[in-house]
Each structure stands twice: as structure tokens, then as C-alpha cells.
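Q: How does one read a structure like this one? Please go through a few features in turn.

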Amino acid sequence: MTSAHNDRFASRTEGMTASEIRALFAVASRPEVVSLAGGMPNLAALPLDTLAAQVSELVAKDGLSALQYGSAQGIPLLREQILEVMAEEGIRAHADDVVVTVGSQMALDLVTRLFCDPGDIVLAEGPSYVGALGSFAAYQAQVVHVAMDDDGLQPAALSQALEALATAGRRAKFLYTIPNFHNPAGVTLAVSRRAEILDICRRYDVLVIEDNPYGLLGFDGQTYPSLRSMDPDNVIYLGSFSKTFASGLRVGWALAPPSVRDKLVLAAESAILCPPSFNQMMVSRYLAGHDWRGQIKSFQQTYRVRRDAMLSALSTYLPEGCRWTHPDGGFYVWVTVPEGVDTKAMLPRAVSARVAYASGTGFYADGLGSRQLRLSYCYPTPERITEGVRRLAGVLNAELDVLRTFGTPARTSIRALPGSSVNVRRGPQSPSPDTT
Ligand SMILES: Cc1ncc(COP(=O)(O)O)c(C=O)c1O
């Protein structure tokens, strides 16, 4: 898009581009399209009547503080309660080291702002969370991806990447990792790898950013030892109420060693003065007045049923040569399609066939991922999931037929789709509600 202000923008805005799925959003959000693209939590199980009563009581009893500015670090009571949430995963900490943020996305932004000058290197799993890649791009950091397998990040690949950087006289500022129920890969870092990864990071003097919004959503109620609990001084932990309570309240947090915490508070102050008091007090009341652990159990059951529907549909319908991960928690399955199929090019044809997914390229900073796609089972019903996978299989089969016949995939540009007028630009993307 040309703009009269183009020559005024700071160079960092070059890294800010719209998510490719946003171009399809208008079409993909039509009711007849089954969207397996978005990471929106399923909030139907929330006790809306109880919440309504809590909101009303909050305004009536504590309205003057709930509607007032608060402190940049977040309200003390909520920070204490966050300690109880983190204790579920073995974290022992002090409320002074918790900084409340506007979703963990803001914590990602602040951490990148604190540590990254333009051109600095950050390590991230390949693939990685699109919102994190967007923050890294916005601060002009350079992402080096580290390979994963079914047990998560590979320690050998991490050592290799750090050794190669050291040989080139470079150093990574931090490792960004999502150890549990990875977005988008759907895998979990093996417990046996955790200490080794922390050791490697120590050896190369690399800080660890542990992003853990899904950790309490294991389908058997299982949790894994958090990296922060194993190395409090070298890990910054990011948490969120988005997936375990309500994403619309935008309440997340960072837990950081004191020296980093102080800078985080200053950075938060300059960005937003303080996180919304009302939302924090709402979360606080919910935690104090509702069986939040029971609520999380009910989310686990809902998502387990949906995960089962997706895995079963994938093995029933997907053509030979496709592979996919088997998540035991969280929201996502990562699918690898047969060679020759380009998931980004195929997306408009999938949407025409009334199914949407997130193509793999959005989860890499280096252009990889064209043979992968992410499917989310969190939001649609099991019946819709089955139907969506059936439609996706039809599109894949058609794609493979064309490949077998002509040796090249079919062509349809996103702009050619009815109802889609947004230009698609290349480069690191900003997250949209449909790619979180
Ligand atoms: C891995 C990961 N980190 C961070 C976020 C952002 O969460 P929040 O809603 O707390 O900003 C998401 C959201 O999907 C995510 O998947």
C-alpha cells in the first residue's frame, strides 16, 4: 500500500506485515467455512452467570479502584494468586518478581524490546509461534530456528546452532521456547531434555524465554517441570490466562530475575503506564471465588474430545504420505504433506472448498514450512472438525492428482477468491486472532 507517510516510517516498520491468513479472514470466517486455522479458546464452558455476578459486584464494591489507574507491575493480590497458578507446575517464586502484562504477547514485546538491538540474533524452535516471530521482526531481530522432533527442541541442534554462531563471532541474545504443547507443532519437550537444554544455554551464556500458555492443558491433567523451576536465574517465564480462563481479558505475566524485572516494569510503564485494573481485578475475583482448577479440568476434557476427533479424522481421510503430530495437550496438530504440495499456495483452494488452516510458512522466519500446515481443534465442534478434515483431504487429493498428471500444483491466487481484497505481503507477520 502506498501512503503519503511512507518516507517517514521508522525502518523497523519494514518488518511489520499482515498475517497471510488475515487476507483470507473475511472468507474463512463465513459460517459455511470450517476454520481449523485459529487458536481461539473454547469459552462455552465458562460460568457466565457467575462471572456476570462477579463483574457487577466488582463495580458496586470496588469500582473506584477497578476503574482507576494502577501500578505498572500489576495489582499485588493478583501477583500473589499468579504464584498459586505457577505452583501447579513446580514454580516457587516471589510476587515481587511477577510483572502483569496485557496478555503474554505484551510480555514478548517487552522482553524483545529489552534485549534486542536491530540485527541481534534470537534462537527459536522451527516452527515457532507467529506472534513471537512478529515481535522479533518488529525489533529487527534475526531469528535462527532450531530443529525439533516429537520430543521437542533437539539439544544437539541447539548446541550446533550456538557453536556455529560462536565460530562466526556472534552470540544469541536468548532462546525463545514453548516447551509444553507447542504452538504450532503440538509436541512437548521431553523431561529428559530439559536440564540438558538449560545447561547448553548456560554454557553459551544465552538467556531462556520460556513461553507457557498451554502448560495446564494436558489432557490427562499431567504437568511438566517448568524450565524456570530448574534454573530461576537464567529463565524468564511467560504465563497467560488466555487459554485457561478468558483471552478477551488480556491478562498475562512475566516472571523474571529481579534485575530484568525492574527493566520490564520500566518498559511496561513507557508502553501502557499500567495494565487494566478492571481486568486484573476480574481475574483475581475469578481465581478467589471460583473453582479455577475444576474449570481447567473441564477445558482439558473438552479439548481432549476435540483432539480425538481430529486425530481420528486425520487417519481416516488424509491421503498416504501425510504425517502429523499427536498432541497430549494444547490446541494444535502440525501436519506435513507429501512433497510437491505447497500449503500456502493451496490455501485459497482449501477456502474455496470451505475449510481453512494456517499454512506452515507463517511459523518460520526463514521461508520454510511450505510442506506443513497447522490445524487447530480448540474451537470447532468434533463434528465440524471431522467435516473440515474430510474437506481438507479432498483438496489434498485434488492437489496430488494435478501433481501426478502435470508435475506442478494448480494455481489460484488469494486475490482471485471472492470476498478477499487484502494484499498478501511476504515477510514476518503480525499475529491475528485467527493465527494465535
Ligand atoms: C505460544 C503462545 N504464546 C503467546 C500467546 C499469546 O497469548 P496472550 O493471549 O496471552 O497474549 C499465544 C497465543 O496463542 C501462544 O500460542
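Q: What should I know before starting?
A: This is a predicted model, in which local features need pLDDT of at least 70 and side-chain atom pairs count only at pLDDT 80 or more, while totals for chains, interfaces and linings use all residues. Residues are numbered from 1 along each chain as its sequence is written, and side-chain values use heavy atoms, with hydrogens and water left out.

Q: How are two packed helices described?
A: Two packed helices are described by the angle between their axes and the distance between the axes. Helices (H or I, at least four residues) and strands (E, at least two) are DSSP runs, numbered from the N terminus. Axes are lines fitted to C-alpha atoms, for helices over the stretch in contact, with angles from 0 to 180 degrees between N-to-C directions. Here the axes of H6 (residues 155-167) and H7 (residues 191-203) come within 10 Å and cross at roughly 5 degrees. H6 and H7 are therefore roughly parallel to each other (angles under 35 degrees count as such).

Q: Which residues in H6 and H7 meet?
A: Contact means heavy atoms within 4.5 Å. From H6 come Pro-155, Leu-158, Ser-159 and Leu-162, and they meet Arg-193, Glu-196, Ile-197, Ile-200 and Cys-201 in H7. By class, this contact has six nonpolar, one polar and two charged residues. Ala, Val, Leu, Ile, Met, Phe, Trp, Tyr, Cys and Pro count as nonpolar, Asp, Glu, Lys and Arg as charged, and the others, Gly among them, as polar.

Q: How many residues surround the ligand?
A: A residue belongs here if one of its heavy atoms lies within 4 Å of the molecule. The ligand is surrounded by 14 residues, and the closest are Ser-104, Asp-211, Tyr-214, Ser-240 and Ser-242. They divide into four nonpolar, seven polar and three charged. The largest share, three residues, comes from H4.

Note on methods
Parallel < 35°, antiparallel > 145°, perpendicular 65-115°, else oblique.
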